[in-house]
Amino acid sequence: MVKPLSIKNLVKNFGGLTATDDISFDLEEGQSTGLIGPNGAGKTTIFSQIMGEYRQTSGIIELYGSDISKLSTPARIRLGISRTYQVPRPFSDFSVLENIRVGLMPDSIWKMITQGPNREREIELALSVGFSEDDLQQTPDTLSMGDLRKLEMARTMATNPKIMLLDEVFAGLTVGEINQIAKLIQNMRKENMTFLIVSHDLKALEPLVDDAIAINYGKIIAQGAFSEVISDSAVRTSYLGTE
Amino acid sequence: MLEILIQGLLLSGLYALIAVGFTLIFSVGRVLNLAYGSYIMIAGYVYFYFSQLLGLPPIVGLLLAGILGSCMGLLKYNLIVKPLKGDHIPVEISTLILAVILQSAIILYFGNSAKILLPIFQGVIHIGNATVTYNVLAATLVSWLILIVLFVFIRKTHVGRAMQAVSMDSKGASISGVNINKINMFTWGISGFLGAIAGVFFASYTQLSPSMWVAPLIIAIAIVIVGGIGSIIGTLVVAHIIGFMEIISVALISPQLRGVFTMLLVIIVLIIRPKGLFGREEL
Amino acid sequence: MGLGLKWYHFALWIGFIIFMLLMPEMVSKGTLRTIIFANFLAIFAISWDILSGRTGYISFGHPFLIGIGAYTTAILTKRFDVGVEYAIPLAIAMTMIGGTIMFLPALRIKGSYFALVSLAFMELMYQLVQVIRPDLTGGTRGMSGLVTLTRGAVNGYYLSFTIMIIVALSMWLLMRTRLGTALSAIALNEESVKGSGLSPTKLKLFAFMTSAFVAGLGGAFYVHYLGSIAPRALFDINFVFTIIVATLIGGASTIVGPMFGAFFLTFLLEYLRPYLPGAERYLIYGVIALLLYMYQPKGLYQIMINQFNRFKKDEDDG
Ligand SMILES: Nc1ncnc2c1ncn2[C@@H]1O[C@H](COP(=O)(O)OP(=O)(O)O)[C@@H](O)[C@H]1O
Ligand SMILES: [Mg+2]
């Protein structure tokens with residue numbers, strides 16, 4: 001069976017610092033995997049390499065069996081992989097709907113001109129992440145952190161991904177907002193979405209993932225079922241060591 | 001050969017003097033003051049008014065020009081940069097508009113025609129077969145003096161080190177208790193003063209006209225871009241690269257190509273090394 | 001295509017066009033000549049708006065593009081006796097090549113740095129046309145005695161207005177499509193455009209080429225209206241200033257804003273003439289531009305929209 005995402009011997013150096021140190025793992029179709037580790041472990045850097053925002057120093061990233069290392073970020077997104085950011089990055093002057101509109105656009109100038117926006121789909125996406133009808137014309141400066149994460153999810157979902165990478169999805173959210181996002185993820189899991197989720201909130205993460213990968217100092221220190229990984233002694237010390 | 005060397009040194013000294021005030025603002029405030037050329041133009045006219053029309057001693061005219069430049073800098077900072085919260089592009093557009101306003105103000109008062117500024121220092125000196133006016137020599141010496149004083153000031157004094165801190169990391173500096181606003185005011189004041197002094201020398205080097213702010217602004221931009229954000233040494237070195245490039249192309253290739261190489265250098269450096277040749281983010 | 005057009009859009013455009021077509025009946029020849037300049041300024045401002053107003057890549061060197069269009073057709077018609085029907089399209093094509101050259105630095109740099117490179121492009125062009133082949137370009141003095149397309153103010157007016165209105169309408173429609181949204185998104189957050197699966201490179205190239213197309217069109221027709229070309233007036237920072245101020249006063253990133261900004265500026269100057277004969281006019285105009293820009297950076301367009309909304313609200317309430 002060809003894997004949705006397969007990472008082999010990934011290395012990333014920033015000057016003298018090795019942020020990703022020979023990391024290899026696969027994601028399984030329709031499975032959800034947690035990526036955990038203390039601050040600065042290298043989780044975001046792995047995402048950035050998968051998306052092509054950073055070029056890896058060495059190693060291979062395969063999407064459905066083909067090497068995507070040479071592709072640009074938009075090209076990778078068109079192949080069905082998409083991410084959210086630790087710090088949401090909305091378009092500041094655009095309304096919620098317009099933000100989603102950008103995610104829905106095809107990367108073809110001709111189609112952008114000749115085909116109008118798909119308003120029903122925009123509204124459907126906005127409502128599905130938990131916005132109300134009243135929120136649709138709001139601009140990001142009036143939205144809460146929770147709303148900004150929802151908007152980020154909606155814009156990411158708009159690119160129609162088969163694999164989603166979520167970075168610190170629960171950071172800065174209220175309990176109610178955490179539940180909302182968790183429910184959204186559960187719904188997408190039922191529809192066979194493949195997830196790789198970074199979160200510090202292990203309790204919130206647990207019900208959302210099948211497996212987990214723990215990293216520290218850019219290296220994998222434990223891998224397997226979520227409950228086994230978090231009870232691993234190396235993982236426990238890595239967390240205790242920094243927090 | 002000697003001639004090229006001497007002319008190159010003199011022109012470069014003048015260019016360094018023109019650019020240094022611009023560099024200060026760019027490194028401390030992180031904005032480009034496109035009305036910087038106006039200090040130069042207005043200072044020329046102020047000097048013209050006081051020392052040539054009213055007949056005050058040259059040094060008084062020079063100082064008055066400097067003080068006025070300082071005031072303009074402070075006004076600009078308080079009325080334009082602060083309300084726009086230092087947003088780069090809006091500040092650049094506003095200062096560009098301001099430059100044109102000042103140009104028309106000058107036309108209004110002094111008329112559109114060019115004026116000849118008498119040299120601040122009379123007389124010439126012969127070095128080999130090169131003739132050097134005292135005036136240009138003085139500009140170069142003043143330029144060196146100012147650069148040295150500034151260099152020492154920034155490294156050795158409390159205020160200077162605070163400026164350095166702001167230029168490297170304004171958030172960090174403000175956390176550690178530096179009053180960013182005061183430092184910015186101070187920098188704008190100094191920059192205006194230096195721009196004005198440069199202006200008087202530049203005007204006596206070329207001539208006085210309401211549109212004379214464009215050329216020195218472009219030189220200052222070129223030097224700062226090629227030198228990189230705010231390094232004084234970078235400013236000095238690049239002023240010499242550009243000064244010598246111009247003198248050499250005038251002497252050996254064609255006087256008309258004078259500015260072409262400078263512009264090519266700017267474009268190439270910006271594309272290849274956007275942070276400039278000496279692109280450290282400190283003074 | 002989802003342009004979101006309402007009845008009042010049609011009404012306003014048609015009303016404006018009819019009003020402008022009747023203009024020669026209403027005003028003197030002198031005023032008409034002023035409006036011709038406003039038409040050309042509107043074209044240049046729209047060109048600037050497509051690039052800088054939309055995508056945030058501020059061009060301080062737009063005359064670089066306008067100049068390529070103007071010089072190409074001037075040289076072709078004057079030195080090689082090419083007919084304008086070939087020279088103008090060629091001039092536009094050359095300008096689009098120029099637009100591509102200006103686009104190259106935008107692959108790597110943005111913000112202030114890009115703005116300065118564009119200024120350097122203009123200065124470079126200014127120096128080059130004077131030095132390289134002055135037998136073709138006319139050197140420092142430029143060229144005169146070029147073919148003119150129209151005779152008399154009225155014909156000149158109709159031609160310039162026709163070009164201007166076609167440019168304005170088509171660009172206005174184009175920017176109402178999703179493409180306009182995507183180009184605006186570049187100004188807001190280029191990284192997020194990438195993260196939404198769109199290639200900013202492709203979008204930027206399109207913006208540069210379209211802006212160059214309009215600049216080249218305007219530049220070429222402008223020389224054939226003036227019948228002459230002078231490098232000092234063309235590659236001038238005051239010209240840049242006029243284009244940018246027209247756009248900003250009208251309202252950047254709106255297409256109709258720059259068009260009205262150009263008319264507003266030209267008429268402001270014209271209106272002030274009897275009271276302020278000389279340089280005072282530019283002084284006042286600069287001060288108005290600066291204040292307006294600092295306190296309403298979205299321009300007259302936004303002020304009008306606000307008024308319109310208030311009016312609509314009053315109507316709904318009443
Ligand atoms: N652009 C960069 N340049 C230099 N070092 C970086 C860069 N990005 C991340 N790092 C370093 O790489 C390490 C991993 O960072 P990151 O992937 O953000 O960690 P995490 O997301 O797990 O908290 C950290 O030590 C960080 O300082
Ligand atoms: Mg992280």
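Gln86(A) is partly exposed, with a relative accessible area of 34% (buried means under 20% relative accessible area, exposed over 50%, and partly exposed in between, for a 1.4 Å probe and protein chains only). The model is predicted, and local features require pLDDT of at least 70, side-chain atom pairs count only at pLDDT 80 or more, and totals for chains, interfaces and linings use all residues. Residues are numbered from 1 along each chain as its sequence is written, chains are lettered from A and ligands numbered from 1 in the order in which they are written, and side-chain values use heavy atoms, with hydrogens and water left out.

The OE1 atom of Gln86(A) coordinates the magnesium ion (ligand 2) together with OG1 of Thr44(A), at 2.0 to 2.3 Å (donors are N, O and S atoms within 2.8 Å of the metal, or 3.2 Å for Na, K and Ca; water is not among the atoms, so sites may look incomplete). Thr44(A) belongs to helix 1 (residues 43-50) of chain A and Gln86(A) to the loop between strand 6 (81-83) and helix 3 (96-104) of chain A, so the pair ties together parts that are 42 residues apart in sequence. Helices (H or I, at least four residues) and strands (E, at least two) are DSSP runs, numbered from the N terminus. Thr44(A) is also partly exposed, at 28% relative accessibility.

Of the 2 pairs of chains in contact, chains B and C share the most contacts (contact means heavy atoms within 4.5 Å). Chain A and chain B are joined by no contact, and their closest C-alpha atoms lie 15 Å apart.

The contact between chains B and C takes 41 residues from chain B and 35 residues from chain C. About 3500 Å² is buried between chain B and chain C, with carbon and sulfur atoms giving 82% of this area; buried area is the accessible area (1.4 Å probe) that two parts lose on being put together, summed over both. On the chain B side, at least two residues each are supplied by helix 3 (58-81), helix 4 (88-110), helix 9 (214-227) and helix 11 (258-272). Helix 4 of chain B provides the largest share of that side, 16 residues. By class, the side of chain B that touches chain C comprises 34 nonpolar, 6 polar and 1 charged residues (Ala, Val, Leu, Ile, Met, Phe, Trp, Tyr, Cys and Pro count as nonpolar, Asp, Glu, Lys and Arg as charged, and the others, Gly among them, as polar).

Between chain C and chain A, the contact takes 24 residues from chain C and 30 residues from chain A. The area buried between these chains is about 2400 Å², of which carbon and sulfur atoms give 66%. The count here is 1 salt bridge. Lys202(C) forms a salt bridge with Asp107(A), with the closest N and O atoms 3.6 Å apart. Helix 8 (178-188), helix 9 (190-195) and helix 10 (200-226) of chain C each contribute at least two residues to the side that touches chain A. Helix 8 of chain C gives the most to this side, with 7 residues. The side of chain C that touches chain A has 10 nonpolar, 10 polar and 4 charged residues.

Definitions and conventions: A salt bridge is a side-chain nitrogen of Lys or Arg within 4 Å of a carboxyl oxygen of Asp or Glu.
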